[in-house]
Amino acid sequence: MDLSPLLVGDGKDGDVFLTSNLTAAKVHHFSHSYARELRAYLRLGSLGIHQLAGFSIPNLEDFDDRKLVLEMTYVAPPFIVDFASAHLDVDPGCVFDEGNSLEDLVRERFGERTDEVMAIHHDLIDLAGIYLYDLNPYNIKFC
């Protein structure tokens with residue numbers, strides 16, 4: 001994998017760079033988030049899910065377990081990215097802030113697009129067994 005110095009995203013789990021191959025390389029800070037994200041992208045790829053409700057999902061191109069790097073296709077909005085907090089097949093039983101439900105938090109973050117985001121959340125569970133609760137405007141981006 002060839003990492004270029006162009007940082008295109010950063011977050012609590014890692015930094016994303018645009019490579020000279022015009023792919024995105026996510027360098028993870030933690031092995032547990034790397035493993036979760038790798039498993040999610042492998043699951044999505046094995047099911048042939050590269051788009052959901054009109055939102056692009058990156059395809060996994062390569063990975064390096066020693067360096068905790070995932071290389072994936074670069075996608076433009078609308079997209080769904082960042083599966084570092086995803087759980088497969090079993091709901092982790094998330095507890096939400098101050099008694100708010102997931103839908104309350106999504107409504108606060110997405111407003112009138114809440115129903116669309118919640119549909120994506122449910123489609124990921126129903127179609128791929130992926131429980132993704134890190135639903136925010138950086139990870140689910142509209143045009």
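Predicted model: local features only at pLDDT ≥ 70, side-chain atom pairs only at ≥ 80, totals over all residues.
Local features need pLDDT of at least 70 and side-chain atom pairs count only at pLDDT 80 or more, while totals for chains, interfaces and linings use all residues. Residues are numbered from 1 along each chain as its sequence is written, and side-chain values use heavy atoms, with hydrogens and water left out.

The largest nonpolar core holds 35 residues. Such a core is a set of buried Ala, Val, Leu, Ile, Met, Phe, Trp, Tyr and Cys residues joined through side-chain atoms within 4.5 Å. Buried means under 20% relative accessible area, exposed over 50%, and partly exposed in between (1.4 Å probe, protein chains only). Leu44, Phe83 and Ile140 have the most contacts inside the core. At least two core residues come from each of α1 (31–46), β7 (69–73), β8 (79–80), α2 (102–110), α3 (114–128) and β10 (130–131). Helix α3 gives the most, with six residues. Helices (H or I, at least four residues) and strands (E, at least two) are DSSP runs, numbered from the N terminus. Beyond residues up to four places away in sequence, Leu44 touches Ile49, Ile57, Phe83, Leu124, Ala128 and Ile130. Contact here means heavy atoms within 4.5 Å. In soluble globular proteins, nonpolar side chains tend to be buried together.

The largest pocket contains about 600 Å³ of space. Its lining has 26 residues, and Val8, Gly9, Val16, Val81 and Tyr138 are the closest to its centre. Two or more lining residues come from each of β1 (6–10), β2 (14–18), β3 (23–28), α1 and β7. Strand β1 gives the most, with three residues. A pocket is defined on a 1 Å grid over the protein atoms alone, as an open set of points where a 1.4 Å probe fits, with protein on both sides within 12 Å along at least five of seven lines; lining residues have an atom within 4 Å of a point. Grid points are joined across faces, edges and corners, and the volume is the space filled by probe spheres set on the points.

Strands β1 and β2 run antiparallel and are joined by four bridges. Two strands pair if DSSP finds at least two bridges between them. Asp10 has Asp15 in β2 as its bridge partner. The two strands form a hairpin with three residues between them. Strand β6 (residues 60–64) is also antiparallel to β7, again with four bridges. Asp64 is the bridge partner of Val69 in β7. Four residues separate β6 and β7 in their hairpin, and Leu68 in the turn has a positive phi of about 60°.

Ser33 lies in helix α1. Ser33 counts as buried because its relative accessibility is 1%. His87 belongs to strand β9 (residues 87–88). With a relative accessible area of 25%, His87 is partly exposed. Leaving aside neighbours within four places in sequence, His87 contacts Arg36, Pro92, Gly129, Ile130 and Tyr131. The C-alpha atoms of His87 and Ile125 are 9.8 Å apart, across 38 residues of chain.

Most residues other than glycine have a negative phi, and most peptide bonds are trans. A cis peptide bond joins Pro77 and Pro78, with omega about 0°. Pro78 sits in the loop between β7 and β8. Ala53 has a positive phi of about 55°. Ala53 is placed in the loop between β4 (51–52) and β5 (55–56), and is exposed at 59% relative accessible area. Asp89 also has a positive phi, of about 70°, and lies in the loop between β9 and α2.
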